Amino acid sequence: KIYYNLALSLDTTGDRAGEREALEKAIQLAPKLPLPQNQLGLLDLQDGNFEKAEGELKAALSLDPQYAEAQNNLGVLYGRLGRNPEAEKLFRQAVEDNPKYAQAFVNLALVLASQNRFPEAAAELEKAIAIAPSSTSALTALGMVEARLGKTGEAIVQFRKVIELDP
């Protein structure tokens, strides 16, 4: 686990090569630990290596099928690839397995909104905000969804909250 912790520290410094090396070592030493698999998948997702990211995230989920962060990250990948039904399923599973995971609610809402399912998206964003009231991503997304629903006044309220939190 020390190599995984090293990787997280290297991530904060921007040393992506060092982070990758530490994650690969962590996987080699602890092949049944899903955390480094997920982190390596996230690293590849951020780098645009989608095929590798998918394999690593699926590997993390094979080790822990209820690992909400890996479900969320795989959902993000599928969303980027336009595989919205698969992304939606993963986000729903993530929030079921971890009902306090606000970002998974946000990501679920974004997938729903991308399919013009704005009322459903708004409901998921309300759940995210109930968990994390100062989540600027949730508040911004809710403002955008409310604008699409014709609720201009409510949208303005959300955008003003974001500005208060992050001027």
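1. Glu88 is buried, since its relative accessible area is 13%, below the 20% limit for that class. The model is a predicted one, and this assignment should be read accordingly. Glu88 belongs to helix H6. Beyond its neighbours within four places in sequence, Glu88 has contacts with Leu108, Val111, Leu112, Gln115 and Arg117.

2. Helix H6 also packs against helix H5. The two axes come within 8 Å of each other and cross at roughly 160°. Because angles over 145 degrees fall in that class, H5 is described as roughly antiparallel to H6. The crossing of this pair is left-handed.

3. The residues behind this contact can be listed for both helices. H5 contributes Ala68, Gln71, Asn72, Leu74, Gly75, Val76, Tyr78 and Gly79, while H6 contributes Asn84, Glu86, Ala87, Leu90, Phe91, Gln93, Ala94 and Asp97. Sorted by class, the contact of H5 with H6 comprises 8 nonpolar, 6 polar and 2 charged residues.

4. Is Leu74 buried or exposed? With a relative accessible area of 4%, Leu74 is buried, as the value lies under 20%. When neighbours within four places in sequence are set aside, the contacts of Leu74 are Glu54, Leu57, Lys58, Leu61 and Leu90. Between Leu74 and Ala53, 21 residues apart in sequence, the C-alpha to C-alpha distance is 8.1 Å.

5. Helix H5 has a further partner in helix H3. Their axes come within 10 Å and cross at roughly 20°. H3 is therefore roughly parallel to H5, given that angles under 35 degrees count as such. This crossing, of H3 and H5, is left-handed. On the H3 side the contact is formed by Asn38, Leu42 and Leu45, and on the H5 side by Glu69, Ala70, Asn73, Val76, Leu77 and Arg80. The residues of this contact divide into 5 nonpolar, 2 polar and 2 charged.

6. Which residues touch the most other members of the largest nonpolar core? In this core of 39 residues, they are Leu74, Leu77, Tyr78, Ala121, Leu125, Ala128 and Val145. Two or more residues each come from helices H3 (34-46), H4 (50-63), H5 (68-80), H6 (84-97), H7 (102-114), H8 (118-131) and H9 (136-148). The greatest contribution is that of H7, with 9 residues. In soluble globular proteins, nonpolar side chains tend to be buried together.

7. Not counting residues up to four places away in sequence, Ala121 touches Ala109, Leu112, Ala113 and Val145.

8. Ile131 lies in helix H8 and is partly exposed, because its relative accessibility is 31%, between the limits of 20% and 50%. Outside the four places on either side in sequence, Ile131 is in contact with Pro99, Lys100, Tyr101, Ala102 and Phe105. Ile131 and Thr12 are 119 residues apart along the chain, and their C-alpha atoms are separated by 25 Å.

Technical notes: Residues are numbered from 1 along each chain as its sequence is written. This is a predicted model: local features need pLDDT of at least 70, side-chain atom pairs count only at pLDDT 80 or more; totals for chains, interfaces and linings use all residues. Side-chain values use heavy atoms; hydrogens and water are left out. A nonpolar core is a set of buried Ala, Val, Leu, Ile, Met, Phe, Trp, Tyr and Cys residues joined through side-chain atoms within 4.5 Å. Buried means under 20% relative accessible area, exposed over 50%, partly exposed in between (1.4 Å probe, protein chains only). Helices (H or I, at least four residues) and strands (E, at least two) are DSSP runs, numbered from the N terminus. Contact means heavy atoms within 4.5 Å. Axes are lines fitted to C-alpha atoms, for helices over the stretch in contact, and angles run from 0 to 180 degrees between N-to-C directions. Angles under 35 degrees count as roughly parallel, over 145 as roughly antiparallel, 65 to 115 as roughly perpendicular and the rest as oblique. A crossing is left-handed if the near helix is turned anticlockwise from the far one by less than a right angle, and right-handed if clockwise. Ala, Val, Leu, Ile, Met, Phe, Trp, Tyr, Cys and Pro count as nonpolar, Asp, Glu, Lys and Arg as charged, and the others, Gly among them, as polar.
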